Each structure stands twice: as C-alpha cells, then as structure tokens.
Amino acid sequence: MSRSSMLARRGSVLSLCALMSACASQAVTPPKQNAAAVIDVPSIKRPEGETPSWWFRNGAAQAAQVSAQASAQGQKAKNVIVFLGDGMSIPTIAAAHVRAGQRKGVDGESYKLSFEQFPFSAFSRTYETDQQTPDSAGTMTAIMTGVKTRAGYIGVSQVPRRQDCAASRGQELVTTLELAAAAGMSTGAVTTTRITHATPAATYGHLPERNWEVDAELTAQAKAQGCKDFAAQLVDFPALDGLTVAMGGGRTEFMPAGETDPEYANKVGQRLDGRDLIAEWKAKHPGGAYVWNEQQLKALDLSNTPRLLGLFEPSHMNYEHERAQDKAGEPSLAEMTVAAIDVLKRNPNGFFLMVEGGRIDHALHAGNAYRALDETISMADAVAAALAHTDPKDTLIVVTADHAHTLTFAGYPKRGNDILGLVQGHTDSYDEEGGAGVARDATGKPYTTLGFANGPGYTGATDKQPEGPKRYPHNPGEYSPAKNGRPDLSKVDTTAPDYMQESIVPLKGETHGGEDVAIFANGPGASAFHGEIEQNAIFHVIVQHAPRLREELCRLGSCNADGVPVERPAYEAWVKQVSGK
C-alpha cells in the first residue's frame, strides 16, 4: 500500500472514529449486553498482576468493545463451531491456498480457501503467561476458557506449579463446551490427533500437565493426589450425557493394558487401572454408537444416533497423504465434521462443536511442508462441509490457530511457480543447463520458496541420514555441521511428499512461532472479530453472541446485575449444576 493510500485510509478511520464518538455523545441508553465495554480493568504491574480473574475480565472487556456493532444488530448464535488449525500460521495459510489453487489448475496466488472467503477476520496474540512462543495447551485453554495460562496447562489457571495436582484444585477453568453442556446444548470434539491430545483435551479436561493423556503417564504423586487422565475425564465427563460426539485417534488409551487393538495385532491397550473405557462408554450410552473405522461410521443412521464415539487409530490418525493406505479405512476430517453435525443438530437447543486440523502442527514440526499444506487444505474442506450443512443465520463458525510455526515463504518466485518447487523467475538468475530463471544463492546453488527457521531439515549429517537434503521422516539424533554448505538441489525433486525443506538451525523438531495468528469468522456475531485481540478474548466474543452460553455463564454467578461477565465462573459450581450433586 502506498504512503498516500495509507494516509487516506488513516483519515477515513479517524473520521469514522470521530463519527462514532459523536454518536456516543448522544443521550442514548446502550443495550445491557454492551455494558461489558465499561468493565473496570485495574492498572496492574506486569506480570505479577495478571491473575486468572484479571485475564477473564480483560477478555470480557475486549469482547464487549469489538462486539458492540454485532450486538446492536441483534445477532444471536444458536450453534457455534470452532475450527482450530493447530500451528496454522499465516505463511502456512498463504502457501496452502497457493497449493490448493495449483492442484486445481487455477491461479494459486489469488485462490481462496473456504475460510479465507469469510467476511470477517482478525489477529490473535498467542503468548502465554510464561512464554513468548507458546504451546498448544495454554493457547487452546485461553481460547476455550477466556483465561490465559502457562505452557503445558490444560483447563487450569497459571496459579499452580506444573504437575501439582493438589494445588490445581480450585484453579480449574470452565470451558465453552462445558457451558454448552450445562445449557442443554449438544457438544462435540473432532480431531485428527488423539482425542486426548492438548487441543481436544482443552475442551473438556483439567490438568496441570498436558502429557497425562492416559493413566500410565501419570506420576505416582499425581495418582495419590487424585488426578485423572484425559481419557478417563472424557468418559467420566460430569455432565450426565457427557460429550455428545467425540472423534479422533488415541484408541489404546481407552483400552486396558494388554488388550489387542482391533486393527493392529502389534498394538495393545495402555491403561494400567484395568478400566475398559470403551466398554464403559457403551454402557453409559446404550443408544449410542462406537466406531473405529470408516465403514462403520458410514453405515450409521446418524439421524437416529444420539451419541457417537469414534476412535480410528491407536494413536494419531494418519496424515491425509497416507489416509487412503489405511486398510481398515479412516474418515476424512470433512467426513467426521459432517457426521458430528448430523448428530448434534438433532438438539433443538443448538450445539457447540470444536474441530481440529491437528496434524498441520505435526507436519510442520517434522519440517515437511507437503504434508502441512495437505492437512491445511483438508481442514479447509472440513470448513466448507460445515458451511454446507449448517445455516449461516444461526451458526457462528470461527476458524483460527492456537499458535504459529517457523515456516518461511520467501525468495522471488515468478507468478505460478510451484509452491513446493525451486524458486524460478528471479531477474538476476539463469541456469546454463536450460532452466532459465532458476534463482541461486550466493554460492550458486538453487533454493526453494518454502523453508524453516529451525528443525530437522538442517542439511548437516546426522546419525540417521548423511549430509545433504533430508527425507521425511527424519527423527535425527546428533547433528554434525555440514562440510560443504548447502546441498545442490538441481537434481532433487523438492515437490516430492517426503522432501524436507531446509532449516537454518538444527533441531530434532521444528518449533512453534510467536507471531500473531489469523481469525476468520462467519455467521451471527462474526462482525465482532476485527482488529487485533488477545487470544483469550475469542472465548468472550463467542459467549457474548450465543445467548444460551451467556445465560449459563451468568447462572454460574460470573455476571453482575446487568448481565456483564465480571468474574470467571467457579468450576465447582459448574460440576454441582451439571451433576446434580
């Protein structure tokens, strides 16, 4: 954008602000639902003053400010779907839409993924209370509860020490899914990872340690203090009906130790407590359906299926690239999303659904752009499927990421250049072997458009692969520095599925990035998502535009007399309400 355009745009914004100020000066009583805009957030000395209560009130205040227009228009959401692209950074989205367009034989640079066509968008600040570059546990907890917390914490505030079960009592944070369950709405969590992994667990679980997915992973102290693993928490969900739908991987975490997996003879159950959680779930929901492969899911009459549990792999589900090779068959993320909606929409009170494209993150950690873009496109397909199976008049769909990654989109490739290929089109480059326009580095070697700031794609020799280009999966051991600098990629197929993009810093696994991530929104209340907000404010924007969720929040005693959220709800009060105890 030119400087003159920027100044013109700034002038327009200032004029709009002046107009809004003038309107605000009129003697008009605002609707009570907008009163949150005047929440008093006390001046604090950071970071000591950032208490869980402060984060909740701050998020509510931000949400009220950005929600004023949508609230004034009377926009109400009966249903809410949150799509979470794990690690889906802005460069990942950009590269994925180029890739998707090129696959279709159209202009990739201008092509838009389903959610990029949403009318409203914003930025989300992802830092945690203790880390500049965050993890998935604390970030998803912020999105689901309205309170920022530490890395590694699921549904628990920043107050206790990590893995301190006793100290975490009373610090549990009520989630959007839990509010929905208490409000009589149907609830669901769908993912391509283990259903007990950080992102899905943050919709229903509460532990000061993200890795306690099965009881075998709990410490002796944690067990003594009464901590319960996420698999058990899912089945023992305090609300009488539990989660209406839960689908993903992680089957063996629900099976007793030694029991053979139905799909893989070399995989067995992991539970040391002797519980068969799948059998318990079936007994708890005699009218429900448990499935572990695609054929079983497709055979269901979803219009007559009140509850659904799908566990399609012992651990994470396959990458989309390998999904067709699964002998038992795995549903796609889009297929799981549609199945979930078909079950959830039976409830006249509406539903809350979280859908995670979880393996975007895994592919990026592995330094493999091919699979990362593949997974991003797959999630975009799931968003499109959700749009086709819901009504935008009553369903708010929010698409965002929990954090970024270090994927880089750089060089000067020509328009239409293969996003996974070598950079071509640089005006100062020429390949004497006939590849006119192949860009070369300062040593005369070609390079790719996509790369990583760190990770296993470092080109030095390791105990797994020799010096030079790396292939997925790498799982390196000790690195030694490259003797001859970068490898010559002239004869390397960088578009191959197993090619690993080069990284600058050698690490066994690529790390997250600390920059803002995008939010895309469609449906009632979507216009509230604009500008830049703290990640925990996403919860508050959603709740303030879904009447049943807002009413439940107030019923738990977290609102003032005007219905303004002023205090985080007590988890103990929520448990008492949904369990009747």
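Cys559 is buried, because its relative accessibility is 15% and the cut-off for buried is under 20%. This is a predicted model. Start at this cysteine and look for its partner.

A disulfide joins Cys559 to Cys554, with 2.3 Å from S to S. The partner has another setting. Cys554 has 25% relative accessibility, so Cys554 counts as partly exposed. Now look along the bond itself. The torsion about the S-S bond of Cys554 and Cys559 is about -75 degrees, which means that the disulfide is left-handed.

How many disulfides does the structure hold? There are 2. A disulfide is a covalent bond between the sulfur atoms of two cysteines.

Turn to the link between Cys165 and Cys227. Their sulfur atoms lie 1.8 Å apart. This link is left-handed too, with -115 degrees about the S-S bond. Where do its two ends sit in the chain? Cys165 belongs to helix α5, which covers residues 165–168. Cys227 lies in a loop, between α8 (220–224) and α9 (230–235). The pair therefore ties together parts that are 62 residues apart in sequence.

Are these two cysteines buried or exposed? Cys165 has 0% relative accessibility, so Cys165 counts as buried. Cys227 has 11%, and so counts as buried as well.

Count the bonded cysteines along the chain, and the disulfides follow the pattern 1-2, 3-4.

Conventions. Residues are numbered from 1 along each chain as its sequence is written. This is a predicted model: local features need pLDDT of at least 70, side-chain atom pairs count only at pLDDT 80 or more; totals for chains, interfaces and linings use all residues. Side-chain values use heavy atoms; hydrogens and water are left out. A disulfide is a pair of cysteine sulfur atoms within 2.5 Å. Helices (H or I, at least four residues) and strands (E, at least two) are DSSP runs, numbered from the N terminus. Buried means under 20% relative accessible area, exposed over 50%, partly exposed in between (1.4 Å probe, protein chains only).
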